[in-house]
Amino acid sequence: MARILAREAKFRELGLAQAEPQRPQRQPQPKRRKVALEAPTEPRRRSSRVQMLAGGPSAQDDAQAQAGNSVGGWLEPAEEPAPVWEDSALRHYLVAETCQEASASAPPAGGGAQREGSRADSFVDATGFSDLPCFLEARTLARAYSIDCRPGLVVAGGKGGVVALWGLRSRDACRVEAVPALLQASLHRGWVADVQFWDPPGRDMHAAPVPWLVSAGNDGAVCLWDLGQTQAGGWERGSEVQSASPRRLAAAPPDLHSGAGVFSLHAAASACLTGAKDGSVAVCALHPAGALTALQRYAAPHAGRVVKSVRWAPPGDAAPALFATGGDDGRVVCVDAREDPRVSPALTLDARSPAGVASVRWHPGREGRLLASTSQAPELLIHDLRAPREPVHCLDEGAGRRRLPGIYQPCFLPGTDLLTASSAGSAALSLHCCRTGATLSRGAVGGELGPLAAWGGDQPREKGGAQVALLACVPRGVRLFAPRRSAPGRA
């Protein structure tokens, strides 16, 4: 360091002092112009489906520039167009049938006697059933959990939320071929618990012969549908089957059963009764204007256990008052709907089933005194409300088995004391007399049957048509059975 200082002093004496280096001056830089930030443009999408929905890239940009309906450069979802409704296949079918009946009932040209019209049948003397060749086909209905019928029409619903609808005349029952469904549509998420035709009171059925439909499912929805209208364009290619949903008129409030799935539904007059997984029972009003409103709710008629079946007591043409419910607590509860829901049930029947009651059915006659209940026990119980302590009859359905997977919704034949039933896991069909407790017949039918519906005595039968007594759900459709009036034997 001393050497460096001495050297610098010598340089100064000789006048050779080293000039200090100068720092280079910074050149002035031009100021940047402030540019307004623009919203990011929407990324190009190569999906043809998205471009189609957005009207293509150019249409999308134009709409964004003109309407200015973007947030952060992204378009708000466009409103879906209102659905277009058209006359359903059912309406076309009923119109064609009405015209054909009018033509058949007209007197022949030149006078003479009028042709024989349709007539109703009686099943009082039935002792069994025989299989009919006709089959109501629905390819999308893998398994049915509910079935209902009215003159000329059959509806069933079940797995996958599918509901199928058929037109059926007695002349069709003689055909050795499948009758395709007029409508196959998915109306619920999960499975359909119950479906039922409903005719609004005071509605002119001659002017509007198409009935409405009430349905309930595992999604907790209770809906009212207009079967006369479906969404446009819902026809299956190369067939006459409609796959579009009918027009939904109304739905019950979503909190009717706290969002729990509905197990059972029954409509009578203008009242709709439902039972659900949360253990509650509800009564809703059905309005001819196409509305559905909640009236009453029973929180826990079965001590909070699941309610499997609900049914109004007859007569169904008047304002319903008494209803019965079956639940997982093994009891049948009868409730007067005119009383406050907080009041205790009017009557409780012991169904002798620790596994729970699967279904309850009222005798259509007998002034609402007889009631049938089923469970996994190998017997079908007949209760008399005048003697509620014990069942009046225990009808054997087990055929030697101690426990059944379940008995599918037995049904009474209208105008009789006859009750028919088919148990799960069995290929037999039974016919019982609920007045005497006798089993009239039990025979193999070539496969397991699901829910049953009686083709009532008020159903018309054309000249030369087959007499239909019973409808039975099977996978992919419905089988038909005629009454047999011979000695008891195989079904």
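This is a predicted model: local features need pLDDT of at least 70, side-chain atom pairs count only at pLDDT 80 or more; totals for chains, interfaces and linings use all residues.

With which side chain does the side chain of Gln184 make a polar contact? The partner is the side chain of Thr140, at 2.6 Å. A polar contact is a pair of N or O atoms within 3.5 Å; within protein, one must be able to donate a hydrogen and the other to accept it, and residues adjacent in sequence count only if both atoms are side-chain atoms.

Residues are numbered from 1 along each chain as its sequence is written, and side-chain values use heavy atoms, with hydrogens and water left out.

Let us stay with Gln184. The side chain of Gln184 also reaches the backbone nitrogen of Arg139, at 3.3 Å. Gln184 belongs to strand E9, residues 183-186. Helices (H or I, at least four residues) and strands (E, at least two) are DSSP runs, numbered from the N terminus. Gln184 counts as buried because its relative accessibility is 5%, where buried means under 20% relative accessible area, exposed over 50%, and partly exposed in between, with a 1.4 Å probe and protein chains only.

Now to the chain as a whole. The protein chain has four helices and 32 strands. Of its 491 residues, 46% are buried. Among contacts with a separation of 6 or more, 57% are between residues 24 or more positions apart; contact means heavy atoms within 4.5 Å.

I turn to the interior. A nonpolar core is a set of buried Ala, Val, Leu, Ile, Met, Phe, Trp, Tyr and Cys residues joined through side-chain atoms within 4.5 Å. The largest such core has 25 residues, and those touching the most other members are Leu136, Leu141, Ile147, Val154, Trp166, Leu471 and Leu480. At least two residues of this core come from each of strands E4 (128-137), E5 (144-150), E6 (153-158), E7 (162-167), E31 (470-474) and E32 (477-484). Leaving aside residues up to four places away in sequence, Leu480 touches residues including Leu132, Leu136, Leu168, Val468 and Leu471. A second, separate core of 20 residues includes Leu153, Leu165, Ala185 and Val195.

Next, the sheets. Two strands pair if DSSP finds at least two bridges between them. Strands E23 (residues 370-375) and E24 (residues 379-384) pair over four bridges, and Leu371 stands opposite His383 in E24.

Another open sheet of four strands has the order E26-E27-E28-E29, also with antiparallel pairing. Here the edge strands are E26 (407-412) and E29 (439-444). Strand E28 (residues 428-433) is joined to E29 by five bridges, and Leu431 has Ser441 in E29 as its bridge partner.

Finally, how many disulfides are there? The count is zero, a disulfide being a pair of cysteine sulfur atoms within 2.5 Å. Cys149 counts as buried, at 15% relative accessibility, whereas Cys394 is partly exposed, at 37%. Thank you for your attention.
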